[in-house]
Amino acid sequence: MASTLFDITGRIALVTGSSRGIGRAIADGLADAGAIVVLNGLDPARLAATQADFARRHGAERIHALAFDVTDADAVASAIQSIEDEIGPLRILVNNAGVQHRVPMLDLDVADWERVMKTNLTSAFLVGREAARQMIPRGEGTIINIASVQTDLARPTIAPYTVSKGGIRNLTRAMTAEWAAHGLQINAIAPGYIHTEMTQNLVDDETFNAWILGRTPAHRWGTIDDLVGPALWLAGDGSKFVNGQVIFIDGGMTVVV
Ligand code: NDP
């Protein structure tokens, strides 16, 4: 029983922003569990390197890569169509691509506000909508949106990020409200502070690092591997009646003051 609950063998999964960082780790976990994985990123060289590494470890026939900009509606539509036409029915979508931009709000340019909102929030709507257009007629599909502790918590200097990740919570709910009746399952994973390239400068900052350790009941940074188990649980049949939720994976950060 347990093995079928968590078996995703042969399911086609697109993970946006999976050329590195959290998306790469989740894609790796899905491939380990038997999925056919479509990697994505902007930089073709970095994406190709990740694809080559995955192909070596998981078998080239199960690893695909599509470089496209998740903020470009036309590029998103043609990418989803080409997955459907050339690989097969998309079953799992992880909306992971995201960017950070740190500047006090009084100095924040509207162009940077819009770039962060488009990359972190509008993209999840665009890719989610195109995926759902394919999944709904089939009556099955899983969408996992990557949120953040900033879905719940604000901090100085990251206003657009906080707003975009708060939006991911309600986008997850809106998708659930409209699509769950058609057999789709939509949830969000909200990572705490995870050590990746995006956060390397914070890890290197002694004061910030000490603050994170003190602020986190588990007293450590998260690792990308901490996110893989929850993603697998949401991707498989073991979580079928979990819908519209934001699952915080943060060592307890958001439950203490
Ligand atoms: P990284 O900066 O390590 O990786 C970002 C990935 O997104 C890369 O693959 C990048 O591609 C891709 N990407 C960025 N913009 C676009 C775009 N417009 N179109 C397609 N791909 C794009 O980020 P993380 O792994 O740290 O973060 C991943 C997600 O997790 C984000 O949504 C982030 O907000 C969230 N998160 C991260 C936390 C952390 O502590 N790191 C904590 C909580 C949430 P390329 O390599 O080509 O640039």
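## Exercises: a helix pair and a pocket

In this predicted model, H4 passes H5 in a right-handed crossing.

**Exercise 1.** Describe how H4 and H5 pack, by axes and by residues.

*Solution.*
Step 1. Two packed helices are described by the angle between their axes and the distance between the axes.
Step 2. Take the distance: the axes of H4 (residues 73-86) and H5 come within 8 Å.
Step 3. Take the angle: these axes cross at roughly 35°.
Step 4. List the contacts, using heavy atoms within 4.5 Å. H4 brings Ala-73, Val-76, Ala-77, Ile-80, Gln-81 and Glu-84. H5 brings Leu-126, Val-127, Glu-130, Ala-131, Gln-134 and Arg-138.
Step 5. Sort them by class: seven are nonpolar, two polar and three charged.

**Exercise 2.** Describe the largest pocket and its lining.

*Solution.*
Step 1. Its volume is about 1000 Å³.
Step 2. The lining holds 45 residues. Nearest the centre lie Ala-97, Gly-98, Val-99, Gln-100 and Met-198.
Step 3. Find the elements that give two or more residues to this lining: helix H2 (21-32), strand E2 (36-41), helix H5 (110-138) and helix H6 (159-179).
Step 4. Sort the lining by class: 18 nonpolar, 17 polar and 10 charged residues.

**Exercise 3.** Which residues does UniProt list for "domain: Ketoreductase", and how much of that stretch is helix and strand?

*Solution.*
Step 1. The unreviewed UniProt entry lists residues 11-192.
Step 2. Over residues 11-192, the chain is 50% helix and 19% strand.
Step 3. The end C-alpha atoms of this stretch are 28 Å apart.

Technical notes. Residues numbered from 1 in each chain as written. Predicted model: local features only at pLDDT ≥ 70, side-chain atom pairs only at ≥ 80, totals over all residues. Heavy atoms only, no water. 1 Å grid on protein atoms, 1.4 Å probe; cavity = no way out; pocket = protein on both sides within 12 Å on 5 of 7 lines; lining within 4 Å. Points joined across faces, edges and corners; volume = space filled by probe spheres on them. Helix = DSSP H or I, 4+ residues; strand = E, 2+ residues; numbered from the N terminus. Nonpolar A, V, L, I, M, F, W, Y, C, P; charged D, E, K, R; others polar. UniProt positions renumbered as here; feature names shortened; annotations may be inferred. Axes fitted to C-alpha atoms, helices over the stretch in contact; angles between N-to-C directions. Left-handed = near helix turned anticlockwise from the far one by under 90°.
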